[in-house]
Amino acid sequence: MKQLLILSGKGGTGKTTIASAFIKLADAKAYADCDVDAPNLHLITGWNVEPKKTDYYGLPKAEINLELCTQCDQCRQNCRFGAIKAESHYKVDPFACEGCGFCAYVCPAEAITLVPAVAGELMLYSDREKVFSTAQLKMGSGNSGMLVTEVKKQMKSAEVDTGLAIIDGSPGIGCPVIASLSGVNMVLIVAEPSISGISDMERIINTAAKFGTKIAICINKYDTNIKNTKKIEEFCNKQGLPYIGSIPFDSNAVKAINKGQTIVDIDCTSGTAVKEVYHKTMNLLFEQGGG
Amino acid sequence: MRIAVLSGKGGTGKTLVSVNLAAASKESTYIDCDVEEPNGHLFFKPEGVQEEEISVKIVKVDNELCNGCRKCVDFCKFNALAYIKNKLIVFEDVCHSCGGCILVCPEKALTEKAKVIGKVQKGVSNEVTVLTGMLNTGEATGIPIIKKLLAENNPQADQLTFIDCPPGSACIVMESIKDADYCVLVAEPTLFGVHNLNMVFELVKLFNKPFGVVLNKCLDEENPAEKFCFENNIKILGRIPFDNELGSLNSNAEIAVNKNEKYRELFSFLLKTVAKEVRCNETTTNP
């Protein structure tokens, strides 16, 4: 199975809009939303069945048994994350605790244990022939990279017979993005023609290149700044990166999304343009010797 | 006074709002906590930039001293250590720098070394002090950089600090808003925007932060983000119209308030509203 990951570096460039159009055009049988911090793909993929929900446990959190605690302060002094608070009694700040277990190890009274903690929820939509894996990280939680890995594992575990998986990624270049990159055959980067967008695009290209993943680039809302669109095209040429098309700004796109539709469900300029980007992406993804 | 600007969804206008509010308030500080993709500095083009590398401590093994007992491997909850072919191997990318392995090693074979993960830049743009955090590509977490950025800033009581947050609602956003006195949520009028606004709305409630919403990219049509605010009784601080000129200035990394009087008025008014809300909140929480 070939896996296509859609990334952008900068947020709001149109990853989910393009991912949902690709899913529709490919009639994709396997797809996932790896933006576990702020998932949106489920809003427009039109599943009307309830997903199978599973609690996701991240790393455990320390808990202090106050009956055993002798207030020796060893845990607080040794915690590198500042997660132990000594107020009226000793307590653990669950948002700061990374679950390393240092405090439990140094506690002379054996008052500290590590307890499992729910860090998010996995959701799996599936029927006989299709699967959609997604998740929602719990507010303020860490471990997003590990949850991303679970989302991808969950998608593969459904064992749908298909040659293509489409994965919607998260913004940024940090742990969820790095986790989403592992094992994919190609990354499509959705760039935006702004100075900010170009800076962010260069950083995500550097990140993806570190993993040796094949990269292609398209520009969304290209006509909002033609000068910057040219800059991106020139950059791609110089770097030898395939530039595979541009999608115009289209107020109909927002209208479609707000109705829970993809841009290829309606007749609009962005929908027409995304079809070409889709075909070029598929050619690159499935080309001989590729991936 | 620290004001955090956040959104959940990316690309809703966090940087637009925080940069222009800082520029409109003259003497102020702007902190870019979106260390994965920092953009504020592209607008401010700060001068006299001083740079400081940020590093974390990573465990280092002396294989001469290691006796292969594997106590460290058993201790590490992050699977950052493995004993393979009579050699202890450290996976630096997953080490959380907790120091536990060093404590449990009976042979003192483990020590720590500094690993650079990014940098903090400090410069000045007109009357705005600009602090930027930048995570190196390939690094997993920018939280140590955010901690440094926020510790670096000692705001005077009468001066405003604007914190430009990363998207999402995970640990990195939480770290950015932790010491904020007020949160400004920026929302766009889309289905996605509302879904993610709901998430940061839950986040600021969880941390008991006073907050209000700025509606960005407003059109004449029905605004689902505005509807969400009405339904949840959320204070709307201001509305920024969907506007080609503003979009064009922003895409060229220009600060709108410095380019057009109409935007200066818009953001100055928004600034007044925010400042009033912050003060109003202060008196109710600290009577």
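In this predicted model, strand β1 (residues 2-6) of chain B pairs with strand β9 (residues 182-187) of chain B in the parallel sense over four bridges, where strands are DSSP runs of E of at least two residues, helices are DSSP runs of H or I of at least four, both are numbered from the N terminus, and two strands count as paired if DSSP finds at least two bridges between them. Four bridges also join β1(B) to strand β8 (residues 160-164) of chain B, again in parallel. The model is predicted, so local features need pLDDT of at least 70 and side-chain atom pairs count only at pLDDT 80 or more, while totals for chains, interfaces and linings use all residues. Residues are numbered from 1 along each chain as its sequence is written, and chains are lettered from A and ligands numbered from 1 in the order in which they are written.

**Strand β1 of chain B**
- Within these pairings, B:Ile3 stands opposite B:Tyr182 in β9(B), and B:Ala4 stands opposite B:Ile163 in β8(B).
- Five of the five residues of β1(B) are buried, a residue being buried if 20 or more other C-beta atoms lie within 10 Å of its own, exposed if 12 or fewer, and partly exposed in between, with C-beta atoms placed from the backbone.
- B:Arg2, B:Ala4 and B:Leu6 point one way from the strand, B:Ile3 and B:Val5 point the other way, and all are buried.
- In a regular strand the side chains alternate between the two faces of the sheet.

**Strand β2 of chain A**
- Strand β2 (residues 30-33) of chain A is covered on both faces, with A:Ala30 and A:Ala32 buried on one side and A:Tyr31 and A:Asp33 buried on the other.
- Three bridges join β2(A) in parallel to strand β9 (residues 131-137) of chain A, and there A:Ala32 stands opposite A:Ser133.
- Four bridges join β2(A), also in parallel, to strand β10 (residues 164-168) of chain A, where A:Tyr31 stands opposite A:Ile166.

**Helix α7 of chain A**
- The 14 residues of helix α7 (residues 226-239) of chain A should span 20 Å at 1.5 Å a residue, and because the end C-alpha atoms are 20 Å apart, the two values agree; the expected span is 1.5 Å times one less than the number of residues.
- The buried residues of α7(A) are A:Asn228, A:Ile232 and A:Cys236, and seen down the helix axis they fall within an arc of 85°, so they line one face of the helix, the arc being that of the directions from the axis to the C-beta atoms.
- On the other side of α7(A), A:Ile226, A:Lys227, A:Lys230, A:Glu234, A:Asn237 and A:Lys238 are exposed.
- The cover over the buried residues of α7(A) includes β11 (186-191), α6 (195-210), β12 (214-220) and β13 (243-247) of chain A together with α9 of chain B.

**Contact between the chains**
- 48 residues of chain B are in contact with 49 residues of chain A, contact meaning that the C-beta atoms of two residues, placed from the backbone, lie within 7 Å.
- On the side of chain B that touches chain A, α4 (100-104), α6 (171-177), α7 (191-206) and α9 (244-251) of chain B each supply at least two residues, and α7(B) gives the most, with eight.

**Overall build**
- Chain A has nine helices and 13 strands, and buried residues make up 52% of its 291 residues.
- Chain B is divided into domain 1 (2-54 + 117-285) and domain 2 (63-108), with bounds that come from an automatic or database domain assignment.
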